[in-house]
Amino acid sequence: RIESELKIAHDIQMGILPKTFPPFPDRPEFDIYATLEPAKEVGGDLYDFFFMDHDHLCFTIGDVSGKGMPAALFMAVTKTLLKAKATQGLTPDTVLARVNEDLSIDNPSSMFVTVFMGILDVRTGEVQYCNGGHNPPYLLRLGGGAEPLESTKGIALGVLDSATYHSNKITLGKGESLFLYTDGVTEAMNTKEDLFTDKRLAAELALLKGKAIRDIVSGIQEKVRSFAHGAPQADDIT
């Protein structure tokens with residue numbers, strides 16, 4: 001019975017994530033692709049993306065502390081709060097600040113979640129972003145390698161209700177992209193317990209830049225699988 005309930009929980013959790021790609025076939029200005037591989041039946045990683053208005057696409061990724069059903073519940077609450085705040089037209093730093101307050105006020109389990117949120121202006125390529133303790137996404141410039149985005153020095157959500165958050169801005173040129181991920185990628189282990197590492201990820205991304213978004217994601221997935229070489233997946237990979 002427990003196995004059956006976990007399977008149903010898995011299906012519900014995966015069902016709240018957007019999975020249709022391309023999600024906006026009538027919008028040729030940009031492309032987006034995402035995938036989540038839970039390590040167990042349910043997990044604590046999340047991603048989401050949606051239009052706030054005709055020209056502004058909000059996208060987010062997160063990683064809840066802990067594993068199993070508690071992390072899955074916290075993930076679902078976080079995803080719901082992020083979208084509810086973002087659709088009010090707020091800036092990323094304000095969204096994270098308000099979600100942090102909600103998560104911190106009544107948090108008896110002392111769980112927390114790292115979150116990165118960006119808002120893309122599809123007319124100009126400008127991205128306004130805020131990072132709440134999450135792994136820094138990589139900027140894939142056509143003329144260079146993979147550069148980690150400058151930190152906005154925010155802490156994970158759910159830790160301190162009075163935490164402050166700040167936003168930065170970058171502009172994506174034609175053919176340039178952002179690669180977002182959770183630490184299940186960089187901390188993937190092989191049978192010798194070596195980690196995949198940020199350095200290896202940056203090197204692989206530099207080789208994949210300029211390719212289609214789906215090919216970049218699947219290329220990194222394959223590199224992580226090859227590196228693990230049969231070792232069990234220890235963490236969710238998003």
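Strand E2 and strand E3 (residues 113–121) pair in the antiparallel sense over nine bridges; two strands are taken to pair if DSSP finds at least two bridges between them. Helices (H or I, at least four residues) and strands (E, at least two) are DSSP runs, numbered from the N terminus. The model is predicted, so that local features need pLDDT of at least 70 and side-chain atom pairs count only at pLDDT 80 or more, while totals for chains, interfaces and linings use all residues. Residues are numbered from 1 along each chain as its sequence is written, and side-chain values use heavy atoms, with hydrogens and water left out.

E1 and E2 form a hairpin, with four residues between them. Strand E2 (residues 56–64) is largely enclosed by the rest of the structure, because eight of its nine residues are buried. Buried means under 20% relative accessible area, exposed over 50%, and partly exposed in between (1.4 Å probe, protein chains only).

Aromatic rings form 11 pairs in the model. Rings of Phe, Tyr and Trp (its six-membered ring) pair if their centres lie within 6.5 Å; planes under 30 degrees apart count as stacked, over 60 as edge-to-face and the rest as tilted. Tyrosine 138 and tyrosine 181 form a stacked pair, at 5.9 Å centre to centre and with 25 degrees between the planes. This pair links distant parts of the chain, 43 residues apart: tyrosine 138 lies in strand E5 (residues 138–140), and tyrosine 181 in the loop between strand E8 (177–179) and helix H4 (183–186). Tyrosine 138 is buried, with a relative accessible area of 6%, and tyrosine 181 is buried at 0%. Ring pairs also link Phe21, Phe24, Phe30, Tyr33, Phe49 and Phe51 into a cluster.

The charged end of arginine 200 sits over the ring of phenylalanine 196, 5.7 Å from its centre. For this contact, NZ of Lys or CZ of Arg must be within 6 Å of the ring centre and within 35 degrees of the ring normal.

Lysine 174 is placed in the loop between E7 and E8 and counts as exposed, at 82% relative accessibility. Its C-alpha is 8.1 Å from that of glycine 125, although lysine 174 and glycine 125 are 49 residues apart in sequence.
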